[in-house]
Amino acid sequence: MINELNMLILFGLTLLLVAILIHICMRSRLQYSDSCASGLKYAVTSAQRPGYAMQTGGGRAVPASADDTSNTRTTISNLNNDGIISDNLFSAIYEAAPDCIIVQDCNGIIEMINQTGLALLETEDKDRVIGRSSYGLLDKGYRDAYREMVSKVSKGEHVRLEYEMVTFKGNRRWMQSNAAPLRDDHQNIIKMLTTTRDITDIHLLSQQLETHRKKLQTIIESEPECVKLQDESGTITEMNPAGLSLLNAEKHDDVIGKTIYDFMTPEYSEQYRDLTTQVFNGSRGSMEFEVVSLKGQRRWLETHAAPLFDNTGKV
């Protein structure tokens, strides 16, 4: 229960952080000033280019200057009491987020990365990442796909991508990134926000499952006896080549979607329904019955049926 609560808290903090990033980056390159009833002032300043300071009383924008610097991170100072988050609290949430959070420009140059991201890249030095092209961190086989993602985000799309990355220690990791555009007050897309998580374990497990599936499929396909899967109504969902041959079927579509009762002689239908009920209640069973193939050939079959359970124990 505590673990579930912690996960909910982390998830909530991540959502809050993303909202804050969008709020800040949409106002990137702008400087705002205002005053509240208590006399406190706040300013959101960009250390990148001249912007504008908004005067809420007069409702007009006037030029404001800012010093150029290579660090494009937006800073917040002198908060009012209207719920604007402090720089310290923003930094704490940003750095504690369970996912890697990166802000990069529309050319793929990384401008911001949190501690989780540095840990994924296996480095403690942000200077090794900030100002670097994200393409250089990717396996060469996925760089074109990443460029396509950046291109789509630059056009306003939200994109998810799975790819392989090489860390600074040479380790290979599978990542899943969700990318979204960040806009200024004129709705111009100026940056890209990505939240990324390590899915290496999930990817490896998926590969193992796929390998086992292919092995099992090979065994079933090469089995000299008929092997089929059916649902509780008797509808055939899978059948191996031996089964297709037994029914004189030339392709899967001749059989898949039909019921076993379409091929069985009527006098055995009730007994087979009882067998099906028995199997779907979790027991094994067997019986003999007669079928008529697609070419009208009559054949006697002996079937041995067993339940197929899912990971919850349900047939």
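Analyst: The largest cavity has a volume of about 150 Å³. The model is predicted, so local features need pLDDT of at least 70 and side-chain atom pairs count only at pLDDT 80 or more, while totals for chains, interfaces and linings use all residues. Residues are numbered from 1 along each chain as its sequence is written, and side-chain values use heavy atoms, with hydrogens and water left out.

User: Why is a space called a cavity and not a pocket?

Analyst: On a 1 Å grid over the protein atoms alone, a cavity is a set of points where a 1.4 Å probe fits but cannot get out, whereas a pocket is an open set with protein on both sides within 12 Å along at least five of seven lines. Grid points are joined across faces, edges and corners, and a volume is the space filled by probe spheres set on the points. The search of the whole structure finds two cavities of 30 Å³ or more.

User: What makes a lining residue nonpolar, polar or charged?

Analyst: Ala, Val, Leu, Ile, Met, Phe, Trp, Tyr, Cys and Pro count as nonpolar, Asp, Glu, Lys and Arg as charged, and the others, Gly among them, as polar. By that rule the lining of the largest cavity has twelve nonpolar, five polar and no charged residues.

User: What is the volume of the largest pocket, and how does its lining divide by class?

Analyst: The volume of the largest pocket is about 1,300 Å³, and its lining has 23 nonpolar, nine polar and seven charged residues.

Note on methods:
1 Å grid on protein atoms, 1.4 Å probe; cavity = no way out; pocket = protein on both sides within 12 Å on 5 of 7 lines; lining within 4 Å.
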